[in-house]
Amino acid sequence: MEFMKDREIRRFCYYLTAVLAAASVMGFVVWGVCGRLIEGAILAHDRAVAYALLEQGVSREVTARAFAQKNRTTAGEDLLGQIGISEETDILLLPDFVPVQKKALPLLAGLFLFLWGGILLGTGMFFSGRERIYKKAVSVVERFMEGDFGEHLPRAKEGSLYELFGKIDSLAKMLSAQKEEVCASKNFLKDTISDISHQLKTPLSALVMYNDIIAGEAQDAEAVIGFSQKTSAALRRIERLVQSLLKITRLDAGAVAFEKQDWLLADVASKAVEELWVRAKAEGKRITLAGAEEVKINCDLSWTVEALSNLVKNALDYTPEGGEIEVAWERMAEMVRISVSDNGKGIAEEDYYHIFKRFYRSKGVQGDSQGIGLGLSLAKSIVEGQKGTLSVESGVDAGSVFTMTFPG
């Protein structure tokens with residue numbers, strides 16, 4: 001019986017069982033007492049009849065035979081009927097049984113009061129306890145409706161009621177998580193819009209200024225060419241910003257379906273750096289690849305190339321002229337590891353815990369001064385979106401090593 005799993009119901013049933021058992025014992029006692037009282041009344045009546053017969057001169061032998069007689073006769077019934085004694089006679093009219101009834105009535109009343117009093121008391125206590133539980137549940141649910149999920153509904157190990165409360169608690173947790181998610185999404189949207197506004201403000205202001213200068217110096221071909229180049233650079237910066245933000249937003253929204261296949265890591269690394277050789281050469285830096293040719297990785301090629309390319313770009317930004325960036329890979333027991341190391345200036349202590357934040361750029365960046373501070377954040381989102389991890393080890397003037405780890 002499922003309802004017996006409820007602890008309060010079990011206790012109530014045990015209580016009723018105990019009350020009924022006690023009432024049964026008391027009933028047997030009352031039955032015995034009433035039997036003794038009836039037996040005494042019958043003996044008293046028989047004594048009185050025997051005394052009356054003897055007093056009327058009936059011999060002792062005849063009187064004894066009369067009491068020993070067990071057969072019912074019509075003559076006997078007629079005689080008793082003439083004096084008003086029959087099966088229809090009210091017991092109250094039988095004087096010998098009135099004392100028996102007076103003595104038995106309190107016992108029967110006590111038994112009745114005990115039985116019903118115990119049942120009503122137990123039932124009242126049970127429903128009173130249930131009412132307290134219901135009021136507590138209503139109070140908690142009202143708080144849930146107000147957005148306060150700090151309290152919990154009454155709990156117990158078993159019982160349909162507490163199973164229901166557990167389901168409501170689980171629903172409340174889901175609602176709380178959704179509320180936090182909505183708040184986080186709102187804050188993220190607010191911060192993103194603020195960041196975008198801040199990041200676009202500078203290049204847009206520069207574009208307006210360059211356009212005004214070009215309009216004012218229309219006759220100066222050299223000035224027009226110079227500021228046209230600045231305009232192109234600002235537009236490219238805006239393009240990179242918008243593209244990066246769109247990519248990060250898609251990743252955060254779970255709108256990216258990674259199409260994983262097995263790829264040679266050598267090919268992935270080559271694609272990631274193929275557009276950076278020219279920049280590295282122009283800045284007097286060197287990019288090297290190191291790893292076994294046969295090592296494969298299960299990943300989305302385009303997104304993984306994007307992440308690795310961003311790590312190499314970051315290394316170029318923070319590596320001085322004459323520096324070296326190495327892209328290395330290896331297969332371990334249950335994973336594939338790709339590292340991008342450089343011998344640059346390293347990461348300052350105040351920057352270490354902020355480098356993966358969006359739009360964060362540390363001081364003293366080298367090379368691509370038009371960076372927008374989204375590369376590392378985008379790389380982290382791509383790697384974690386494929387169930388991998390991205391970590392960094394660095395020290396001031398000791399270079400940096402960024403490590404991507406993918407399940408093998």
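Q: Which helix contributes the largest share of the nonpolar patch?
A: Helix α1 (residues 7-55) does, with three residues. The model is predicted, with local features requiring pLDDT of at least 70, side-chain atom pairs counting only at pLDDT 80 or more, and totals for chains, interfaces and linings using all residues. Residues are numbered from 1 along each chain as its sequence is written, and side-chain values use heavy atoms, leaving out hydrogens and water. Helices (H or I, at least four residues) and strands (E, at least two) are DSSP runs numbered from the N terminus.

Q: What makes the nonpolar surface patch?
A: V25, V29, V33 and L107 make it, with an area of about 300 Å². Accessible areas come from the Shrake-Rupley method with a 1.4 Å probe, and for residues only the protein chains shown count as cover. A patch takes residues with over 30% relative accessible area and no salt bridge, joining like charges within 9 Å and nonpolar side chains (Val, Leu, Ile, Met, Phe, Trp, Tyr) within 5 Å.

Q: Why is L107 called partly exposed?
A: Buried means under 20% relative accessible area and exposed over 50%, with partly exposed in between (1.4 Å probe, protein chains only). L107 has a relative accessible area of 33%, so it is partly exposed. This residue lies in helix α4 (residues 98-145).

Q: Why is the contact between E151 and K136 called a salt bridge?
A: The term requires a side-chain nitrogen of Lys or Arg within 4 Å of a carboxyl oxygen of Asp or Glu. The closest N and O atoms of E151 and K136 are 3.1 Å apart, and the pair therefore meets the definition. E151 lies in the loop between α4 and α5 (160-216) and K136 in helix α4, so the pair ties together parts that are 15 residues apart in sequence. Both residues are partly exposed, E151 at 26% and K136 at 37%.

Q: How many salt bridges does a search of the whole structure find?
A: The search finds nine. One of them joins E324 to R286, with closest N and O atoms 2.8 Å apart. E324 is in strand β4 (residues 324-331) and R286 in strand β2 (residues 286-290), so this pair ties together parts that are 38 residues apart in sequence. E283 and K285 also meet in a salt bridge, at 2.8 Å from N to O, and a network of salt bridges links R279, E283, K285 and D317.

Q: Is K285 buried or exposed?
A: K285 has a relative accessible area of 10%, so it is buried.

Q: Which residues touch the most other members of the largest nonpolar core?
A: Among its 50 residues, these are V312, I338 and M404. The largest share of this core, nine residues, comes from α9. A core is a set of buried Ala, Val, Leu, Ile, Met, Phe, Trp, Tyr and Cys residues joined through side-chain atoms within 4.5 Å. In soluble globular proteins, nonpolar side chains tend to be buried together.

Q: What is I338 in contact with, leaving aside its neighbours within four places in sequence?
A: Contact means heavy atoms within 4.5 Å. The partners of I338 include L265, I297, L308, W329 and M404.

Q: Which elements do the buried residues of α10 pack against?
A: They pack against α6 (221-252), α9 (301-317), β6 (389-394) and β7 (400-407). Among the buried residues of α10 (residues 375-385) are L376, L378, I382 and V383. Just after α10, K387 takes a positive phi of about 65 degrees.
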